[in-house]
Amino acid sequence: MTNGEHIREEELELLAAGALTDDEAAALQAHASGCEECALKLAQSRGDVALLTFATKQERPAGTVKAEFMARIRASREREEHFAWPLRRRTSNASEAAEYVTGDKTVNWLNWVLVPAAVALAVVSLALSWQNRRVSQALEKQRHATQALLNEREETNKLVGLLAAGDTITVKLAPAAETVGSGVVKYNGRMGMVVYSAQLPAPPAGKSYQMWLVRANGAPINAGVMEKGAHAIGPVWMAEVPANAEAKAFAVTLEPAGGVPQPTGPKVLIGAS
Amino acid sequence: MATAGTSGEARSDWSLLARIAQKDEEALSALYDRYSGLVFSTAKRILHRTGEAEEILQDVFYQIWETAERFDPERGSLAGWLLVAARNRAISKLRGKREWAGELDENGVTLSVEIESRAAQNLLLDRVRGVMENLPEGQREALECAYFEGMSHTEIAQKTGQPLGTVKTRIRSALERLKKVLG
């Protein structure tokens, strides 16, 4: 792993680029966290690689996102201030009471008032804390639900766009070898999108059906695993693939559950484009 | 009228961060305006979904708000950290990996160029795109698979059908080219 004491330059670069496996990356990071020299070099490599961001298509987030974010910040501040207030008041009261009692023993009776009051305040504070936590959880749940709806709307819009596009092609899938089933694929190379559905028997335990875009040249492109909830809208799956890939055919193979980077299992359905 | 030290890009990242640590919402807003486009574009490039990219954007800036006092200028660049945090979170989401908790303390990021101003960002857009467009196809593909798809060298080798050594060499050569141009 290391050259003597330090991580080799090429490993640092691969780590910064995100090209190492999780185990390899964890081992090198563990070393860097205790080695100032490697940590500095890693920080520099990370910075160089981070500039790849500038090779991406630059988009500004919608103005509503900032408004939502700042509202979230304000809500978080209000929550903090809400809980800080009774704490400050309680501390102040206790201090004042202490001075009062020390200065004049005739007012010890005040303890009988202040102690229950402090206990009551603590109980109220706990109740408010509990209530606030519930409200926060509900808000968080709502935020996730809203996000899910937005994602679903975005997927639906993409699907409608693909179906309406004049340059979308349709490929019918027929059974391969001794299998049964059928399917249909809608593909738009310009948009880099594939939408498909298939009638197939349930896959064996531990297996999944996986769709592939078979190119005229080069390795097949993964177009998604046909599992429930995996980029699916009802019985229809949708996948983004590199734009303008020359699709020679589409094929469904039987693979280990969760899918694989390249096809390894038998073809189940196939159709030429 | 804007006064000295409070106007737009004249404020450095670190002066904004110091104010954010004091819970100054205006400073957070200014930092967001400066880098939200880059953070959002990074996440969108990886996730291809606007909603999820917006979620990453908010999470990254929320972490700044919550933990601004823990950033150490000596450990690197705030802008660099933002870009790496956006990339790492997006990759985690894409590949269903663990959250990158603790990266703030562990992972310094040093940028060799200044990107605080809009002008500097525009200049870099041209330079980095120029490098990427002129890379040999195999190098560009290997680097993009690693950085924007979170694929390990082994996975890239499987995908491209190239030997592992070739994949590593391609990624390193591409990075060398990038460094040369930016240096």
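Me: How many salt bridges does the structure hold over all chains, and what makes a pair count as one?
Reply: The structure holds 20 salt bridges over all chains. The rule asks for a side-chain nitrogen of Lys or Arg within 4 Å of a carboxyl oxygen of Asp or Glu. This is a predicted model, where local features need pLDDT of at least 70, side-chain atom pairs count only at pLDDT 80 or more, and totals for chains, interfaces and linings use all residues; side-chain values use heavy atoms, without hydrogens and water. Residues are numbered from 1 along each chain as its sequence is written, while chains are lettered from A and ligands numbered from 1 in the order in which they are written.

Me: Why do A:Glu11 and A:Arg8 count as a salt bridge?
Reply: Their N to O distance is 3.8 Å. That is within 4 Å, so the pair qualifies.

Me: Why is A:Glu11 called buried, and why is A:Arg8 called partly exposed?
Reply: Buried means under 20% relative accessible area, exposed means over 50%, and partly exposed lies in between (1.4 Å probe, protein chains only). A:Glu11 has 16%, so A:Glu11 is buried. A:Arg8 has 33%, so A:Arg8 falls in the middle class.

Me: What other contacts link chain A and chain B?
Reply: A:Lys66 forms a salt bridge with B:Asp33, with the closest N and O atoms 2.8 Å apart. The count between chain A and chain B is six salt bridges. Across the interface, 16 residue pairs are in polar contact, both at pLDDT 80 or more. A polar contact is a pair of N or O atoms within 3.5 Å; within protein, one must be able to donate a hydrogen and the other to accept it, and residues adjacent in sequence count only if both atoms are side-chain atoms.

Me: Which helix gives the largest share of the side of chain A that touches chain B, and what classes of residue are on that side?
Reply: α4(A) gives the largest share, 12 residues. By class, that side has 20 nonpolar, 15 polar and 22 charged residues. Ala, Val, Leu, Ile, Met, Phe, Trp, Tyr, Cys and Pro count as nonpolar; Asp, Glu, Lys and Arg as charged; the others, Gly among them, as polar.

Me: What area is buried between the two chains, and what makes it buried area?
Reply: The area is about 5,800 Å², and carbon and sulfur atoms give 58% of it. Buried area is the accessible area (1.4 Å probe) that two parts lose on being put together, summed over both. The contact takes 57 residues from chain A and 66 residues from chain B.

Me: What makes the span of α4(B) close to the expected one?
Reply: The expected span is 1.5 Å times one less than the number of residues. Helix α4(B), residues 78-95, has 18 residues and reaches 26 Å, close to the 26 Å expected. This helix is mostly covered, with 15 of its 18 residues buried.

Me: What marks the ends of α4(B)?
Reply: B:Ser77 caps the N-terminal end, with a side-chain oxygen 3.2 Å from the backbone nitrogen of B:Ala79. Just after the helix, B:Gly96 takes a positive phi of about 65°.

Me: Why is B:His48 called partly exposed, and what is its phi?
Reply: At 36%, B:His48 lies between the 20% and 50% limits, so B:His48 is partly exposed. Its phi is near 65°, a positive value in a residue other than glycine.

Terms used
Helices (H or I, at least four residues) and strands (E, at least two) are DSSP runs, numbered from the N terminus. Contact means heavy atoms within 4.5 Å.
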